[in-house]
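Here's a quick briefing to read alongside the model. Have the sequence open too, and follow the residues as they come up.

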Amino acid sequence: VGGRLRREVAAPRGVPLSQIALAWVLANPAASTALVGARTPAEVDANDAGAELTLTKDELATIDTILAGAAGRVREFTPLRPAMEPWGEEIPAPRA
């Protein structure tokens, strides 16, 4: 998915995929908040540029098509699942 988005949307615009992602989130009426991170001043500038980017109707349609093809490929996103699952046998209490 990321490769297609980069090739079909970001590269023709000459911008990083991160800017396309931010512009898409900001253009999506279902999204009320866009959280971004930055480690360097250059990344702050890149985020700012992405917030100013306006995607065309064709670009939005391309993104929707690519994302629709990815829908259902993963049941759910649970990065913390291993930390939440039982450890197996209970750890025995220390003997007195």
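The chain folds into 5 helices and 0 strands, with helices (H or I, at least four residues) and strands (E, at least two) taken as DSSP runs numbered from the N terminus. Reading from the N terminus, that gives α-α-α-α-α. Keep in mind that this is a predicted model: local features need pLDDT of at least 70, side-chain atom pairs count only at pLDDT 80 or more, and totals for chains, interfaces and linings use all residues. Residues are numbered from 1 along each chain as its sequence is written, and side-chain values use heavy atoms, with hydrogens and water left out.

**Confidence**

- Mean pLDDT (the predictor's confidence in each residue, from 0 to 100) is 80 for the chain, and 73% of its residues reach 70 or more.
- Among the elements, H1 has the highest mean pLDDT, at 93, while helix H5 (residues 81–84) has the lowest, at 56.

**Overall numbers**

- Of the 96 residues in the chain, 17% are buried; buried means under 20% relative accessible area, exposed over 50%, and partly exposed in between (1.4 Å probe, protein chains only).
- The accessible surface is about 7700 Å², and carbon and sulfur atoms hold 58% of that; these areas come from the Shrake-Rupley method with a 1.4 Å probe, and for residues only the protein chains shown count as cover.
- Take the contacts (heavy atoms within 4.5 Å) with a separation of 6 or more: 67% of them join residues 24 or more positions apart.

**The nonpolar core**

- What makes up the largest nonpolar core? It has 11 residues: Leu5, Val9, Ala10, Val15, Leu17, Ile20, Ala23, Leu53, Leu55, Ile63 and Ile66.
- Helices H1 (2–13), H2 (17–27) and H4 (57–70) each give two or more residues to this core.
- A nonpolar core here is a set of buried Ala, Val, Leu, Ile, Met, Phe, Trp, Tyr and Cys residues joined through side-chain atoms within 4.5 Å.

**Helix H2 and its cover**

- H2 has Leu17, Gln19, Ile20, Leu22 and Ala23 as its buried residues, and their cover includes H1, helix H3 (41–52) and H4.
- Is Gln19 buried or exposed? With 10% relative accessibility, Gln19 counts as buried.
- Not counting residues up to four places away, Gln19 touches Ala46, Ala49, Gly50 and Leu53.

**Salt bridges**

- Side chains of opposite charge can pair when their charged atoms come close.
- The structure holds 3 salt bridges, each being a side-chain nitrogen of Lys or Arg within 4 Å of a carboxyl oxygen of Asp or Glu.
- Arg4 and Glu8 form one of them, at 2.9 Å from N to O. They sit 4 residues apart in helix H1, so about one helical turn separates them. Arg4 is partly exposed at 35% relative accessibility, and Glu8 is partly exposed at 36%.
- Glu59 pairs with Arg13, with the closest N and O atoms 2.6 Å apart. Because Glu59 lies in helix H4 and Arg13 in helix H1, this pair ties together parts that are 46 residues apart in sequence. Glu59 counts as buried at 13% relative accessibility, whereas Arg13 is partly exposed at 31%.
- Arg39 and Glu43 also meet through their side chains, at 3.0 Å from N to O. Arg39 is exposed, with a relative accessible area of 75%, while Glu43 is partly exposed at 25%.

**More around Arg13**

- Besides neighbours within four places in sequence, Arg13 is in contact with Leu53, Thr54, Leu55, Thr56 and Glu59.
- Arg13 and Leu55 are 42 residues apart in sequence, and their C-alpha atoms are 9.6 Å apart in space.

**Asn47 in helix H3**

- Asn47 belongs to helix H3 and counts as buried, at 19% relative accessibility.
- What does the Asn47 side chain reach? The backbone oxygen of Gly37, at 3.2 Å.
- Leaving aside residues up to four places away in sequence, Asn47 touches Leu22, Val36, Gly37 and Ala38.

Notes: A polar contact is a pair of N or O atoms within 3.5 Å; within protein, one must be able to donate a hydrogen and the other to accept it, and residues adjacent in sequence count only if both atoms are side-chain atoms.
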